[in-house]
Amino acid sequence: MKQPAIAIIGGGIVGLATAYRLMERMPGATITVLEKENRVAAHQTGRNSGVIHSGLYYRPGSLKATCCREGKWELIRFCEAEGIPYELCGKVIVAVEEAERPRLQALYERGQQNGVACTLIGPERLRELEPHAHGVAAIHVPEAGIVSYRAVAERLRAKLEAAGHRVVLGAPVTRIVPDGRDVVLETPAGAFRADVAVGCAGLYADRIARMDGLEPGVRILPFRGEYYELRPERRHLCRNLIYPVPDPAYPFLGVHFTRMIDGRVECGPSAVLAFAREGYRLIDVRPSELFEMLGYRGFWQLARRHWRKGVQELLQSLSKRYYLRQARRLIPEVTPEDFLPAPSGVRAQAVDPEGRLVDDFLVLESPRMVHVVNAPSPAATSSFRIGALVADRVQARFD
């Protein structure tokens with residue numbers, strides 16, 4: 001009997017975790033991961049602050065809520081088994097003024113619904129946990145943590161290759177061709193035939209879906225997250241993770257402080273629309289991608305709905321002084337001299353034609369493929385559970 005052949009487009013943590021789960025579920029299958037860059041974890045996976053999310057923020061019953069809660073523990077078990085450093089250091093979500101108390105309370109109640117161990121605390125307990133943070137109240141989430149997702153991705157790649165599977169670098173998919181019951185993925189590194197293929201292409205997830213003949217009903221818009229890093233002598237200002245109360249109308253968490261697994265402390269991110277899908281700098285512009293975005297009805301609907309927030313984020317991007325003002329809401333002691341530039345990231349965010357930011361993970365299927373179309377934060381925390389969900393759908397095609 002012919003061994004099942006499975007190809008996965010994308011060598012980020014979601015693609016690699018999906019391959020790993022398929023390797024566990026289907027030991028007779030041959031698995032090929034196609035990555036367009038010359039290394040794995042080159043984009044969203046390797047350009048985030050490494051937070052292990054608790055699952056507190058997300059709508060109860062949503063894929064984000066369930067995948068984050070379950071995926072977090074699967075991620076931790078993998079790290080423990082493989083000796084990858086991680087730490088459940090805890091986080092505080094801080095209401096800096098009285099007007100934010102109702103939102104903080106609502107967030108706490110959502111955490112309770114999602115089964116997250118969290119506690120409402122006052123200023124005294126906040127100062128014990130984070131002596132330099134300012135707030136009238138906070139939520140303490142002890143099970144939030146930190147890890148290097150790049151290290152996790154590299155270990156997944158090593159385990160796949162040790163088991164005889166392939167991770168092919170420098171292999172962007174340029175064409176998807178149905179061939180009988182099979183699918184052929186054409187790349188500069190050759191053509192790869194599979195019984196089933198999986199799209200985990202992040203910033204290009206919608207393009208891969210359309211290349212497969214599937215209309216996902218959304219478009220990926222890139223949002224650049226810009227960070228600063230605290231000078232080494234000022235890292236003591238943040239012991240672990242300090243977050244603001246998020247705006248419920250917007251899926252970004254606001255400027256926050258994050259201690260990373262290597263000891264650095266990042267502040268950020270802003271969330272400004274990028275002019276290219278890989279637009280890591282303000283000057284990075286790809287005209288074809290910019291015109292594609294400007295030609296999308298959902299972009300203009302989004303701009304109309306959230307223009308005030310967009311202006312605020314752009315001010316943070318253009319003005320270090322304005323950025324500092326947002327950071328000082330949480331830690332009043334920080335000064336402009338405390339901030340060093342840090343690498344930026346780009347978040348792939350699906351937006352529908354009405355300008356609504358797709359709030360949940362989105363997984364779609366076509367006759368020959370399974371597509372992870374929308375997987376923004378907390379996708380890294382959730383990656384092993386997303387991988388299991390996709391593996392279920394792939395395995396069902398061979399039953």
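Helices, taken as H or I runs of at least four residues, and strands, taken as E runs of at least two, are DSSP runs numbered from the N terminus. With that convention, A41 falls in the loop between β2 (30-34) and β3 (51-52).

Before I continue, a word on the source. This is a predicted model, in which local features need pLDDT of at least 70 and side-chain atom pairs count only at pLDDT 80 or more, while totals for chains, interfaces and linings use all residues. Residues are numbered from 1 along each chain as its sequence is written, and side-chain values use heavy atoms, with hydrogens and water left out.

Let me return to A41. Although this residue is not a glycine, its phi is positive, at about 60 degrees. Is A41 buried or exposed? I use buried for under 20% relative accessible area, exposed for over 50%, and partly exposed for values in between, with a 1.4 Å probe and protein chains only. A41 is buried, its relative accessible area being 1%.

V51 belongs to strand β3. With a relative accessibility of 6%, V51 also counts as buried. Contact here means heavy atoms within 4.5 Å. Once neighbours within four places in sequence are set aside, V51 touches G145, Y149, L241, Y243, T258 and T381. E35 lies 16 residues from V51 along the chain, and the two C-alpha atoms are separated by 24 Å.

Two of those contact residues lead to the next elements.

I take the helices first. Two packed helices are described by the angle between their axes and the distance between the axes. Here the axes are lines fitted to C-alpha atoms, for helices over the stretch in contact, and angles run from 0 to 180 degrees between N-to-C directions. Helix α1 (residues 13-25) and helix α5 (residues 149-162) have axes that come within 9 Å and cross at roughly 35 degrees.

Now strand β5 (residues 91-95). How many of its residues are buried? The number is 5 of 5. Burial extends to both faces, with K91, I93 and A95 on one side and V92 and V94 on the other. Strands are said to pair if DSSP finds at least two bridges between them. β5 pairs with strand β7 (residues 137-141) in the antiparallel sense over 5 bridges, and A95 has A137 as its bridge partner in β7. With strand β16 (residues 241-244), β5 pairs in the parallel sense over 4 bridges.

A further sheet deserves attention. It is open, has 6 strands in the order β9-β2-β1-β13-β23-β22, and shows mixed pairing. Its edge strands, each pairing on one side only, are β9 (166-168) and β22 (362-365). From one strand to the next, the twist averages 15 degrees. Within this order, β13 (residues 196-199) and β23 (residues 369-374) pair in the parallel sense over 3 bridges, and A197 stands opposite M369 in β23.

The loop between β22 and β23 holds S366 and also P367. S366 is buried, at 9% relative accessible area, whereas P367 is exposed, at 72% relative accessibility. Beyond its neighbours within four places in sequence, S366 is in contact with D212, H371 and R397. P367 and G213 are 154 residues apart along the chain, and their C-alpha atoms are separated by 9.8 Å.

I close with two cis peptide bonds. One runs from G268 to P269, with omega near 0 degrees, and P269 is in the loop between β18 (265-268) and β19 (272-273). Another runs from S377 to P378, with omega near 15 degrees, and P378 is in the loop between β23 and α10 (379-396).
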